[in-house]
Amino acid sequence: MSETRGASRVVALVPAAGMGVRLGANAPKAFVPVGGSPMLTLAVTGLISSGCVDEVVIMVPAELVDETRALLPVSDTPVHVVPGGAERTDSVRAGLAAAPDASYVLVHDAARALTPPSLIARVVAELRAGAQAVIPALPVTDTIKSVDTAGAVTGTPDRSGLRAIQTPQGFDAELLRAAYATGTRATDDAGLVELLGATVRTVLGDPMAFKITTPLDLVLANTLVSQNNSREAVAAP
C-alpha cells in the first residue's frame, strides 16, 4: 500500500459493466474467466499488487453488485463495488462520485486482466512526479491506413508518431472531474482531458497489458496464464 496514503490518495476505478459481445459471452466481459479466475478479479489483484493503489472502486451493473463483491480478492486495500451506468463514461462518473477524497485517479479496463503491477507503478510514479495525465503507450508496428466511408484509402499516417494506448490511465483527480463535468463522451478518458487543453504524458506500456476483446485474445490470455502457472509449479520447492 502507498506510504503517502494519508497525504495523496490513489484510487483506481475499474469500469466493468460492458457486455462481452465480441468475445461471444452472454455476460459482462469482466466476468469471463481467464485461467480459472474472472478477468475482473485478475485486474483488481494486479492493481493491489502494484503497492501504490490506496483504494479500488469497481462499477458494475446494479444487479451484479453483490455477486461482484463475492469475487474480490482478500486484501488490506479497500475495494468497493458501486452500480455503473449505461455507457462507460456514466460508469466512470459514478466511480468518481464514490471517491471524493482521491488525489489521483487511475481508470483501468478489467479486460486488461494481465497488466503487470510494474506498469501500474510507472503510471503512478509519473503522477507523483507532477504529471497531470499519464497513459501507457506502445509503438504501432502495423502500417495504418485512413479510409473513407466507402472503404477507399485516403492516407497513410507516419506510424513513427503513432502509439497504441493501454490502461491504467492516470490523472490528477480534479482535472478528471473537470473533464467529466463537461458532459462530453469519449472512448478514452485521456481524450476528455485533451479537450481541456491539458498535456497528456505517455509512459512505456507493456505487451501483457493487451485488451481481451476477441476469442483469439482469450485463447492467448489463457495460454499465458497456463504457462506462468507451469513455471511457478516447476520453481516451487
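Which residues does Asp109 touch, not counting residues up to four places away in sequence? Asp109 touches Ala43, Arg88, Thr167 and Lys211, where contact means heavy atoms within 4.5 Å. This is a predicted model, in which local features need pLDDT of at least 70 and side-chain atom pairs count only at pLDDT 80 or more, while totals for chains, interfaces and linings use all residues. Residues are numbered from 1 along each chain as its sequence is written, and side-chain values use heavy atoms, with hydrogens and water left out.

- Asp109 is found in the loop between β6 and α4, helices (H or I, at least four residues) and strands (E, at least two) being DSSP runs numbered from the N terminus.
- Asp109 is buried, with a relative accessible area of 10%; buried means under 20% relative accessible area, computed with a 1.4 Å probe on protein chains only.
- Thr167, one of the residues that Asp109 touches, is joined to Pro168 by a cis peptide bond with omega of about 15°, and Pro168 lies in the loop between β10 (163–165) and β11 (169–172).

**Nonpolar cores**

- The largest nonpolar core has 29 residues, and those with the most contacts inside it include Leu40, Leu47, Val53 and Val56; such a core is a set of buried Ala, Val, Leu, Ile, Met, Phe, Trp, Tyr and Cys residues joined through side-chain atoms within 4.5 Å.
- At least two residues of this core come from each of β1 (10–15), α1 (39–49), β4 (55–60), β5 (79–83), β6 (104–107) and α4 (117–128).
- Apart from this core lies another, of 23 residues, among them Met59, Val92, Ala102 and Leu176.
- Val56 touches Ala12, Val14, Val44, Leu47, Ile48, Pro78, Val79 and His80, not counting residues up to four places away in sequence.

**Helix α4**

- α4 has twelve residues and reaches 17 Å from its first C-alpha to its last, close to the 16 Å expected at 1.5 Å a residue, the expected span being 1.5 Å times one less than the number of residues.
- The buried residues of α4 are Leu119, Ile120, Val123, Val124 and Leu127.
- Seen down the axis of α4, these buried residues fall within an arc of 135°, so they line one face of the helix; the arc is that of the directions from the helix axis to the C-beta atoms.
- The elements that cover the buried residues of α4 include β1, α1, β6, β7 (133–139), β11 and β12 (201–204).
- Just after α4, Gly130 takes a positive phi of about 120°.

Definitions and conventions. Buried < 20%, exposed > 50% of the residue type's maximum accessible area, 1.4 Å probe, protein only.
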